[in-house]
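Subject: Structure for your review

Dear colleague,

Please find below the structure that I am handing over to you. My findings follow it, arranged by topic.

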Amino acid sequence: MKASRSFSEWTPWLFLAPYLLIFGTFVAWPLTRSLVLAFEQTYGPKTTAFVGLLNFQFVLHDPLFWTAVRNTVLFTLAAAVTQIPAALGLALLLNRPDIRGRRLFRLIFFTPSIVGLAFVAIIFTLLLEKRTGFVNSSLHSLFPVWDPDFPWLESYVMPSLIAAALWLSAGFYMVYFLAALQNVPAELIDAAHIDGAGPWQRFRHVTLPEIRPVLNIITLLVVTGSLQLFELPYLFYNDTAGNGPENHALTIVTYLYQTGFRTGDLGYASAIGWVLTLVLVGFALLQRRMTQRGES
Amino acid sequence: MSPRPGDRASLTSRLLIYGLLVVFGLMTLLPFIWMLCASIKTKGDFYTSQFLPPGHGFLGVAWDRLTLSQFAQLFRDLPVARAMLNSVFLASVCSVVATLCCAAGGYGLAKFRFRGRETVTSAILGTVVVPTALLLGPSFETLFHLGLVDHYAGFILPTLAPAFGLYLFRQAMVNSVPPDIIEAARIDGCGEIRIFFQIVLPIIRPMLSAFLVISFIGIWNNFITPQIVLQSPERYPLSVAIFSLRGLYGDDNSLIMAGTLVAIAPVMLLFLLLQREFISGLTSGAVKG
């Protein structure tokens, strides 16, 4: 290597300084605080006491927490089996050179991702309303037997949330699949074609292995994102602080938010947050092990 | 390009694909169309017609019954103009400064070898797995101690160091900034700051504009943080202001849809103008990396 003028040892820190200052104050420090808080209990303003593992014991025996876990896991499973196939399906439809207007369709499918969750919640609660909502009124005019007072928001909490999340996310993940599909070498597909492989076999044995890395990332994003579901149910059921009818909309993060900002027990909220962090890390590690095993 | 065997699919299969695309496209667009129609109908017509009120005008629509009074009400009687100004201000400041912060940080991590580099990198990227909600409480506590609650700065500062942004820029620096250029500039006696602004930033311009749009739209749509941090209604961004309409004017669906439209339209327009940058920025980390 040729001799070159080198930078001073402070130079990289100069460039990192603004980022690290903000990161330290508003990420690293609060994160450390949350670890301390998780072992404390807050009694009213400015009165805290060290309680050891009590918060964690409480969490594991808290029926509301388990209701939240059940709802969150249910949503996550439903999100994974609806959003991933929908996104991949749309991408496969658009990944054909003989289809005109692909850019227009890609744009249309992607637009919902630009809409903020608060606005999605407003639009979907109005769409799903009894009688005046678009969903019930169109179903009723298409099929007169359909009850115009069908209680989507009142009795079908999860399906409503899953539908809103699907509308919002399918096009977002689609662009990742589309980018991956466009990187699949055409020769591979052609070779399979010549070997007489049908469309399903070509997908299963040629395309799928090629896009597997992106599929893994999307699965990770969908699952870890869905396990943190909060704003959508919180805003759908804002009048009950996100609980929804019979707590059917209560998620882990909603419960964390309620304990932290409504009850004011930051310690208990932090304990819930750390339990969730462990679950997320656990899932990420599990998925990594499974992909590594799949590769070797 | 030579014709591929798969390209000449039968007419029926192509028609089937067009059919599916149109159906899914309509399902995607119908909520928007419905919102648009609702926002220009009177409160009474909202309850009696699905899209536009039927009448004897062109296409069987009562065009004369349509109204812009909801929009007038939003901007004249309700603080929506102020909220929009707040949103524009917050999203602009946050996205510009966050982009610079992340670009400089990513440059520092990607283009210099120094002690502690690995530690810093893994500490920052490791926080990606931390649920954002875990930080809400302790961050609020920090803001409270710094006296920043209910100040614009209290919302702006915490948004300036997203781990996702640092990751994207570090990646962009590694992939597209050749070390030789930096070396050559140093030999020519160019200062480190000048190298960054005049040589490095122009090279990663596509990533700069992509991240600017992504973070602008992200900040614009943020609801929970401004709702916690900005407590005075005159500081509300559109997300909080429009959502609070639902509590105050819950029965006036036309007004609420008009408000939502006003809040969505600016970012929609921005996205339509810069969609290529936006999408390539999003996918660059996952697909190429």
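Predicted model: local features only at pLDDT ≥ 70, side-chain atom pairs only at ≥ 80, totals over all residues.

As general background, nonpolar side chains in soluble globular proteins tend to be buried together.

The surroundings of A:F177 may be of particular use to you. Apart from neighbours within four places in sequence, A:F177 is in contact with A:I84, A:A87, A:L88 and A:A91, and also with A:I211, A:V214, A:L215 and A:I218.

Domains of chain B

Chain B is divided into two parts, domain 1 covering 29-67 and domain 2 covering 73-288. Their C-alpha centres are 37 Å apart. Eleven residues from domain 1 of chain B and ten residues from domain 2 of chain B take part in the contact.

Salt bridges

Over all chains, the structure holds ten salt bridges. I describe several of them here.

In chain A, the side chains of A:D149 and A:R131 form a salt bridge with an N to O distance of 2.7 Å. This pair links distant parts of the chain, 18 residues apart: A:D149 sits in the loop between α6 (134-142) and α7 (152-155), and A:R131 in the loop between α5 (117-127) and α6 of chain A. A:D149 has a relative accessible area of 27% and is therefore partly exposed.

In chain B, B:R235 and B:D150 form a salt bridge whose closest N and O atoms are 3.3 Å apart.

Another salt bridge in chain B joins the side chains of B:E192 and B:R186, at 2.6 Å from N to O. Both partners are buried, B:E192 with a relative accessible area of 17% and B:R186 with one of 6%. Through salt bridges that share partners, B:E183, B:R186 and B:E192 are joined into one network.

Nonpolar surface patch

Residues from both chains form a nonpolar patch on the surface: A:L14 together with B:V96, B:V97, B:L100, B:I193, B:F197 and B:L212, with about 560 Å² of accessible area in total. Two elements of chain B, α4 (80-111) and α10 (192-203), each give two or more residues to the patch. The most come from α4(B), which gives three residues. A:L14 is located in helix α1 of chain A (residues 11-37) and counts as partly exposed because its relative accessibility is 47%.

B:V149 lies in the loop between α6 and α7 of chain B. With a relative accessible area of 18%, B:V149 is buried. Leaving aside neighbours within four places in sequence, its contacts are B:F140, B:L143, B:F144, B:V229 and B:Q231. B:V149 and B:F112 are separated by 37 residues in sequence and by 37 Å in space, C-alpha to C-alpha.

In chain A, the buried residues of α6(A) are A:F134, A:N136, A:S137 and A:S138. These buried residues pack against α5 and α7 of chain A, and also against α1 (11-39) of chain B.

Finally, A:T207 belongs to helix α10 of chain A (residues 199-227). A:T207 is buried, with a relative accessible area of 8%. Beyond its neighbours within four places in sequence, A:T207 is in contact with A:L181, A:I189 and A:R202.

With kind regards

Note on methods:
Residues numbered from 1 in each chain as written. Chains lettered and ligands numbered in written order. Heavy atoms only, no water. Patch = residues over 30% accessible without salt bridge, like charges linked within 9 Å, V, L, I, M, F, W, Y side chains within 5 Å. Areas by Shrake-Rupley, 256 points an atom, 1.4 Å probe, with all protein chains shown as cover. Salt bridge = Lys/Arg side-chain N within 4 Å of Asp/Glu carboxyl O. Helix = DSSP H or I, 4+ residues; strand = E, 2+ residues; numbered from the N terminus. Buried < 20%, exposed > 50% of the residue type's maximum accessible area, 1.4 Å probe, protein only. Contact = heavy atoms within 4.5 Å. Domains from an automatic or database assignment.
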